[in-house]
Amino acid sequence: MEHIAGHKPALTWIVRICVTILVVLWLIPTVGLLVSSFRDRDDISASPWWQAPFPAEQTFATRIAGDAVQQADGYLLTGDIHDLPEANGAGRITAFGVSRSAPTGIAAGDTTDLPKGGTLTVHPDGSFEMLTPEAPDAKGQRLYFAAEVPPEFTTANYESVLYANGMAQAFINTFTVTIPATIIPILIAAFAAYALAWMEFPGRGLIIAGIVGLLVVPLQLALVPLLRLHNDIGIGQSFVGIWLAHTGFGLPLAIYLLRNYMAGLPKDIIEGAKVDGATDFQIFTRIILPLSFPALASFAIFQFLWTWNDLLVAKVFLPSDSESWVMTRKIADDLLGSRGGDWGILATAAFVSIAVPIAVFFLMQRYLVRGLLAGSVK
Amino acid sequence: MAQVKIDNVIKRYGSLQVMHGVNVDINDGEFVVLVGPSGCGKSTLLRMLAGLEEISDGTISIGKRVVNNVPPKERDIAMVFQSYALYPHKTVYDNIGFPLKMAKRPQDEIDQKVRGAADILDLTKYLKRYPKELSGGQRQRVAMGRAIVRDPQVFLFDEPLSNLDAKLRVTMRVEIKELHQRLGTTIVYVTHDQIEAMTMADKIVVMRDGRVEQIGAPLDLYDNPANVFVAGFIGSPSMNFIHGTIVTEGGLRQFRSDSGLMLPLPHTSVPDGTKVTYGIRPEHISIADHGVPLRVVVVEPTGSETQVFAKHGSDFIDAMVKDRFKAAPNAEVHFAIDPANVHLFDRVSEQRL
């Protein structure tokens, strides 16, 4: 690979630095999403995700109540703040207060006067002593305090996304859409690409030009007429309909990619096979297809990712009942619609939906390496 | 095995005609080499024989059958490509067996023939390997193996040795010739290398610009070239050509070059005053005490022979002498020319006189 960047060390380093910067730039949002998906919504609004691994400071409000012990100078109430109601999750106490106007006005360890008489001391470890002239009433003394909250991660988001109503169905629906919508165009495109690359027939150039032209047509243009056509011929909104739609939208790119790859295969191999007695179909299945595997794999990845992430085509061509929802629709309409502010859920849903594409990419990417032709022709 | 007849074949690409009525007769079991400079149409002719290229006019027959519109696989031919054209995803065994598999032969017959071919070509050790794991010469042999398992009527070779290094080329040349002697199948072989043509062929077809210039046995072409092109193309180093006129001086018919050099003539009926091109091969010139006086330009010793470039006025003559010879540049040297080895060509038509 070093030959690509050139032989100058300085240039090599510039390339490396640029690559590193790009990788970091791409990775930061993904990591943020991943971290956020493990935090609950209060944490997410309390502190940014890059502070998640560190303890955060949070203010609590509670009341001190309980049985006080009568002493010579009044009633003494001792205890631990952590045992008080609504103090869950608090760690080391940093400050406290007794009035709403200054909830954290007094540093931990100091003593303050209470408005109704008496004193209160709160220590950093949470223990406190309250000395009052009269026995505290059942309502108790209001107390505000600031405490460090240790970092907390939770899988609750994943539980609520994965076990949400209909999520499993949506997952299966997505596969039902993507797998045929990936395989059908590849099958058709491979045949078409072979014919356009290696078979002589009148109008071949025009067809290729037409396919290249179709590459630039936005698919939104076809949504309404295509849906009307589906309704007219009785397919309506159904899985068959979306397979056909994805196939049609994917074919121009598929044919274009595969034709260019196949046209680049050595002519001698194909002619050799012809002389050896192979028919066009045998040349296609035994020679062209195995040699085109890298191109087939790369198009499969493209098409799979595109159909997996697609929301628009799924919304148009699938029935609108929730039984037929795909993942993207489930996330967009259900999770986002009802819980739009719940960033933890959103981050988790995003992660769940990219898990399969990432797995597909890593499984297939080794086939993208083009080295299969080595040794066939000099 | 079969004879091949190429009869008045014409090839046009649109309005551009590239093959102008080619006629070649190839006898059963003959080793025919099509030779010519690049662009002369030799590969196109071979591809038309294979059926990979359509012919615009004329007929091609293999055996007694006209094959103009017969697809390649039904012509009963096998072709070896310059680039080997091996199937990179198949092992050597599967590469060699592919034509038989296409012909739907039984498995045991395929196995027997593949092993037989591998044995002939010394490939038995490599049957499990893939093409990328083989050297150039081995790949070339696999390509030949794929051709011989079919036991075709005609073998077609399209510059099979051009991708090999010089040493391997000599070895493979011998192997192909040996293979021909063993199998006795008709072979049509295309090359641009006249040494390959001379050493391997029973019959050479010299082509230029889509026309056949001469057909004949190698030594026939060497001794009696039909025109200046064939004379210059066959033989290495190539023949000397000097422009001049035939004159009679002092009762002796002689050749006088445009720059005044006098050279001996064979017995010829060409009248005096005819403008001719005088051809003499470098190996037919020797150094003598008396003879044609020239000035040495460069001397190149090659060990077995010495090549001497000399000139007179604007005429250059290149001699290949057997003796060790040393001379300073610009020294005078005398070349002896045997009139029996002189070729005379018409200046305008360039045809042999």
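**Reading a predicted two-chain model**

In chain A, the unreviewed UniProt entry marks residues 12-35, 170-194, 206-227, 239-258, 287-308 and 343-364 as "transmembrane region". The model discussed here is predicted.

Trainee: What makes up the span of residues 343-364 of chain A, helix or strand?

Mentor: Helix. The span is 100% helix and 0% strand. Its end C-alpha atoms lie 32 Å apart.

Trainee: And how much of residues 206-227 of chain A is helix?

Mentor: That span is 77% helix and 0% strand. The C-alpha atoms at its ends are 28 Å apart.

Trainee: Why is A:Gly97 called buried?

Mentor: Count its neighbours. A residue is buried if 20 or more other C-beta atoms lie within 10 Å of its own. A:Gly97 has 20 C-beta neighbours inside 10 Å, so A:Gly97 counts as buried.

Trainee: Where does A:Gly97 sit, and which residues does it touch beyond its sequence neighbours?

Mentor: A:Gly97 belongs to strand 4 of chain A, residues 93-97. Leaving aside neighbours within four places in sequence, its contacts include A:Ala102, A:Pro103, A:Ile106 and A:Tyr144. The C-alpha atom of A:Phe145 lies 6.1 Å from that of A:Gly97, although 48 residues separate the two along the chain.

Trainee: Now chain B. How many of its residues are in contact with chain A?

Mentor: 27 residues of chain B are in contact with 21 residues of chain A. Strand 6 (77-80), helix 2 (92-102) and helix 4 (136-148) of chain B each give two or more residues to that side. The chain B side divides into 19 nonpolar, four polar and four charged residues.

Trainee: What makes strand 7 of chain B mostly covered?

Mentor: Five of its five residues, 154-158, are buried. B:Val154, B:Leu156 and B:Asp158 point one way, B:Phe155 and B:Phe157 the other. In a regular strand, side chains alternate between the two faces of the sheet.

Trainee: How do you know that strand 7 of chain B pairs with strand 6 of chain B?

Mentor: By bridges. Pairing needs at least two bridges between the strands. Strands 6 and 7 of chain B have four, in the parallel sense, so they pair. One bridge partner of B:Val80 in strand 7 is B:Phe157.

Trainee: How many bridges join strand 7 to strand 8 of chain B?

Mentor: Five, and these strands run parallel. B:Leu156 stands opposite B:Val188 in strand 8 of chain B.

Trainee: Which elements make the right-handed β-α-β unit?

Mentor: Strand 7, helix 5 (residues 166-183) and strand 8, each of chain B.

Conventions
Residues numbered from 1 in each chain as written. Chains lettered and ligands numbered in written order. Predicted model: local features only at pLDDT ≥ 70, side-chain atom pairs only at ≥ 80, totals over all residues. UniProt positions renumbered as here; feature names shortened; annotations may be inferred. Contact = placed C-beta atoms within 7 Å. Nonpolar A, V, L, I, M, F, W, Y, C, P; charged D, E, K, R; others polar. Buried ≥ 20, exposed ≤ 12 C-beta atoms within 10 Å, placed from the backbone. Right-handed = clockwise from strand over helix to strand, strands pointing away.
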